[in-house]
Amino acid sequence: MSDPTLTRGESPAGLVASGPWTAAQSVSLERLAATLPSIDAQKKNVVIDLSGVEQLDTLGAWLLERVIRRYQLQDLKPTLVGVPERFRGLLEKIHDVNRRPPVLQPERNRLAVWLERIGRTTAGLYTDFAYFLAMLGAIGASLGGVVLRPRSLRATSTVYHLYRVGWQAVPIVVLITFLIGGIIAQQGIFHFRKFGADAYVVDMVGILVLREIGVLIVSIMVAGRSGSAYTAELGSMKMREEIDALRTMGRDPISILVLPRVVALVCALPILTFLGSMAALYGGGLVAWFYGGMSPDIFIARLREAVSVTHFEVGIIKAPFMALVIGAVACSEGFRVKGSAESLGLQTTTSVVKSIFLVIVLDGLFAIFFASIGM
Amino acid sequence: MPEPSQAPAISVRNLTVGFGEKNVLDGLSLDVHRGEVLGLVGASGGGKSVLLRTIIGLIPPREGRIAIMGAETDYGDTAAMQDIGRHWGILFQQGALFSSLTIQQNVQFPMRENLEISQTLLDELATAKLEMVGLSPDDGNKFPSELSGGMTKRAALARALALDPEIVFLDEPTSGLDPISASDFDELISTLQQTLGLTVFMVTHDLDSLNTVCDRVAALSDGKIVEVGPIEQLVGSQHPWVRSYFHNARARTRATETH
């Protein structure tokens, strides 16, 4: 196919366009339209002959229009002649577009933009916290309703979610805590052996796992596994207006969607923490046996001396609170999803990051609390 | 009228498409001539969308051949399909605009992927397309979730027209629009079809669209095209399903209104 051209014709004020003026020729066309053949300023009329144009699409028509407008800016009067009948409609249509000058964003001071961003982020922290508190309050109110009328709890839904976040999470939670227990024991034995204290590995594994690591690892895993799922589910329901539909039916989305999820999480997390802690102790025991040469009955005897029920209590008491935080963050982030797929992704990420952060902060607060009451 | 030397825009021969045990389309044949607006009617769940999606390569056919602008499609050959794909633009039923891009970026997307043109020209062309479908340049900065139903359809049409395709597929373009927006949209399709010389393949249930926009109407029943021709021919058809489609209570009310 030949190239599109725009050349000076026979008469001095005449231009001849020919060839295919289509998107397939976009590169050469754009160059053509950028370098206008100069016209003798004495002649006011510029005649552009289109009879040689074989094909024309929106891109070609627009570039032609651009040529015309640039000549008009030079105080010339361009006219089109020899327009093939089939292109007339398109050219007329294109003649009317892009008439309004584009609105340019005024250049802004870098420092001001930077300060504004800091300000917005700070204010955002406050609103984030307000959303979280509002969700906690809504869950509390809804729970109050259930306490007054126990039958209003969505039992089927709760059991279903318990199955999903509890039972189905067991294998992965047990596997990971088992490995972590083993790793702690191995590291302990390796370093304690240098000063002959490898027997104290049992104390370390026992106390660390029961008090801190067990509940923390399980909470972080649940935040990543179930919290993200909650946010994504509620978010896509929000996107598809399912939540609005519930509201218009006079049903409270909190009691139907949020409460069963949060209740399931609050029930599941202590159980998972217990199973996880046991798996971690088991892993630690195996490593102590095969790597440290400590027989299982010695390990168990030492463990009995080293840990008390208090350590176990400290760990397990934290679990439902962790679950509540994860559930409330996940659900409130889900409700904040807007129309786009991007916002769903953003909110899911925020949900996981924020709940892991809050879980660790809460763990720190609990540590201070338990220390002060001497547990 | 199409010149006899030219191959039809779309030519479907003995197409069979099915899922599991059931064949939704069963030996279907249909020609769409260049430069015409063909409306496809059929029962809900009767395979209209399946036919459309098979032609554009989203569903593999079990048997049969499809030719676009005289070129046989081979759905295994990705490069060849990309070439054929530049001949068509598709308006999906829900718009299918990319939700994380603005309308302007949505319209620019096919151009950016397929053409080597500068950002300035991209911006100008996208605005031109938006204005051609009746949206204002300001709407270009909005996100799809901020648009009304009618505007979504227009924006999606602008994206479908981004590469100046020869064929445009419209999947229920007026569904979900109020009668005024729907008739505006019909008019828009009609104008654009004439200015750009488009071939339009339209799946629709809207009797007004069939009357005002379509040159020919094809009726799909039991996996086959049972009747194809100008709307008058279909209204007078003796095929039981076509008869009941055009002579049910709602269709009769429409007819008395227009006459």
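Helices (H or I, at least four residues) and strands (E, at least two) are taken as DSSP runs and numbered from the N terminus. The structure is a predicted model, in which local features need pLDDT of at least 70, side-chain atom pairs count only at pLDDT 80 or more, and totals for chains, interfaces and linings use all residues. Residues are numbered from 1 along each chain as its sequence is written, while chains are lettered from A and ligands numbered from 1 in the order in which they are written.

Chain A has 12 helices and four strands; chain B has 10 helices and 10 strands. A residue is called buried if 20 or more other C-beta atoms lie within 10 Å of its own, exposed if 12 or fewer, and partly exposed in between, with C-beta atoms placed from the backbone. On this scale 36% of the 375 residues in chain A are buried, and in chain B buried residues make up 43% of 259. Two residues are in contact if their C-beta atoms, placed from the backbone, lie within 7 Å. Of the contacts in chain A between residues at least 6 apart in sequence, 84% join residues at least 24 apart; the corresponding share in chain B is 66%.

Between the two chains, 23 residues of chain B are in contact with 21 residues of chain A. Helix α4(B) gives the most, with eight residues. By class, the chain B side has 10 nonpolar, eight polar and five charged residues, where Ala, Val, Leu, Ile, Met, Phe, Trp, Tyr, Cys and Pro count as nonpolar, Asp, Glu, Lys and Arg as charged, and the others, Gly among them, as polar.

Helix α4 of chain B covers residues 119–132. The expected span of a helix is 1.5 Å times one less than its number of residues; for the 14 residues of α4(B) this gives 20 Å, and the end C-alpha atoms are 20 Å apart, which agrees. Of these residues, 10 are buried, so the helix is largely enclosed by the rest of the structure. Among the buried residues are B:Leu121, B:Glu124, B:Leu125 and B:Met132. Their cover includes α1 (26–34), α2 (58–73) and α3 (85–95) of chain A, along with α3 (103–114), α5 (149–160) and α6 (179–196) of chain B. After α4(B) comes B:Gly134, with a positive phi near 90°.

Helix α6 of chain B contains B:Thr195. This residue is buried, with 20 other C-beta atoms within 10 Å. Not counting residues up to four places away in sequence, B:Thr195 touches A:Gly89, A:Leu90 and A:Lys93.

A nonpolar core is a set of buried Ala, Val, Leu, Ile, Met, Phe, Trp, Tyr and Cys residues joined through C-beta atoms within 7 Å. The largest such core has 99 residues, and those with the most contacts inside it are B:Leu38, B:Val168, B:Phe169, B:Val200, B:Met202 and B:Ala219. Helix α2(A) gives the most to this core, with seven residues. Apart from this core lies another, of 56 residues, including A:Leu162, A:Val266, A:Ala288 and A:Phe335. B:Val200 is in contact with B:Val37, B:Leu38, B:Val168, B:Leu170, B:Ile189 and B:Gln193, leaving aside its neighbours within four places in sequence.

In chain A, helix α9 (residues 253–290) and helix α11 (residues 309–335) pack at an angle of about 145°, with their axes 8 Å apart. Axes are lines fitted to C-alpha atoms, for helices over the stretch in contact, and angles run from 0 to 180 degrees between N-to-C directions. The contact involves residues including A:Val258, A:Leu265 and A:Phe274 of α9(A) and A:Gly315, A:Ala323 and A:Cys331 of α11(A). By class, this contact has 16 nonpolar, four polar and one charged residues.

Two loop residues have positive phi without being glycine. A:Glu241 has a phi of about 65° and is found in the loop between α7 (201–239) and α8 (242–248) of chain A. A:Glu241 counts as exposed, with 11 C-beta neighbours inside 10 Å. In chain B, the phi of B:Asp222 is about 50°; this residue is found in the loop between β9 (216–221) and β10 (224–229). B:Asp222 is exposed, with 12 other C-beta atoms within 10 Å.
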